[in-house]
Amino acid sequence: MAHVTMADELDQILGEGAVRAVYQPIIDLATSRTVGFEALARGPQGSELERPDRLFAAARAAGRLTELAGRAVPLRFAGRWTRTSGGPSACS
């Protein structure tokens, strides 16, 4: 079995569009209310590049940081705010 490098895994993640978003709430400290969510880029669950420090370090080392950033920016538009649910929900 061939050894899979971080660069190989990064190629696969970028090629498949497998960068995913997790949402972190933004809290108004004065009112303790959730006022929005920040989309944070992550690699696929269970992969070596799931953690953002590893994902962005691998992209930087491969000279593909701009490409990764281009994939990550649309993640903030992947969900929509719903007042009934109090948070983002997936858009189809």
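Biologist: Why is Arg51 called partly exposed?

Modeller: The relative accessible area of Arg51 is 43%.

Biologist: What makes Arg51 and Asp53 a salt bridge?

Modeller: Their closest N and O atoms are 2.5 Å apart. The cut-off is within 4 Å, so the pair qualifies. Asp53 has a relative accessibility of 44%, so Asp53 is partly exposed too.

Biologist: How do you know that Arg54 and Glu48 form a salt bridge?

Modeller: By the same test: the closest N and O atoms of Arg54 and Glu48 are 3.4 Å apart, and the limit is 4 Å. Arg54 is partly exposed at 34%, and Glu48 is partly exposed at 44%.

Biologist: How many salt bridges does the structure hold?

Modeller: There are five. Another of them joins Asp11 and Arg64, with the closest N and O atoms 2.1 Å apart.

Biologist: What makes this pair a link between distant parts of the chain?

Modeller: The two residues are 53 residues apart. Asp11 lies in helix α1, residues 6–16, while Arg64 lies in the loop between α2 (52–61) and α3 (65–72). Asp11 and Arg64 also belong to a network of salt bridges that includes Glu67.

Biologist: Are Asp11 and Arg64 buried or exposed, or something in between?

Modeller: Asp11 has a relative accessible area of 40%, so Asp11 is partly exposed. Arg64 stands at 19%, and buried means under 20%, so Arg64 counts as buried.

Biologist: Which residues of α1 are buried?

Modeller: They are Glu9, Leu10, Ile13 and Leu14.

Biologist: How do you know where on the helix these residues lie?

Modeller: Look down the axis of α1: the buried residues fall within an arc of 130°, so they line one face of the helix. Gly15 and Glu16 are exposed on the other side of α1. The cover over the buried residues includes α2 and α3. After α1 comes Gly17, with a positive phi near 65°.

Biologist: What makes up the largest nonpolar core?

Modeller: This core has 11 residues in all, including Leu10, Ile13 and Leu14. Val19, Ala41, Leu49, Ala58 and Leu68 are also among its members. Helices α1, α2 and α3 each supply at least two residues of this core.

Biologist: Which residues does Ala58 contact, leaving aside neighbours within four places in sequence?

Modeller: Ala58 is in contact with Met6, Leu10 and Leu49. Met6, in helix α1, touches Glu48 and Leu49 as well as Ala58, with residues up to four places away not counted.

Biologist: What makes β1 and β2 a pair of strands?

Modeller: Pairing needs at least two bridges. Strand β1 (residues 20–28) and strand β2 (residues 33–42) have nine, in the antiparallel sense. For instance, Gln24 has Glu38 in β2 as its bridge partner. The two strands form a hairpin with four residues between them.

Biologist: Where is confidence lowest, and where is it highest?

Modeller: Strand β4 (residues 87–90) is lowest, at a mean of 49, and α2 is highest, at 94. The protein averages a pLDDT of 81, and 76% of the residues score at least 70. Where pLDDT is low, the predicted coordinates should not be read in detail.

How values were computed
Residues numbered from 1 in each chain as written. Predicted model: local features only at pLDDT ≥ 70, side-chain atom pairs only at ≥ 80, totals over all residues. Heavy atoms only, no water. Salt bridge = Lys/Arg side-chain N within 4 Å of Asp/Glu carboxyl O. Buried < 20%, exposed > 50% of the residue type's maximum accessible area, 1.4 Å probe, protein only. pLDDT = per-residue confidence, 0-100. Contact = heavy atoms within 4.5 Å. Core = buried A, V, L, I, M, F, W, Y, C linked by side-chain atoms within 4.5 Å. Arc of directions from axis to C-beta.
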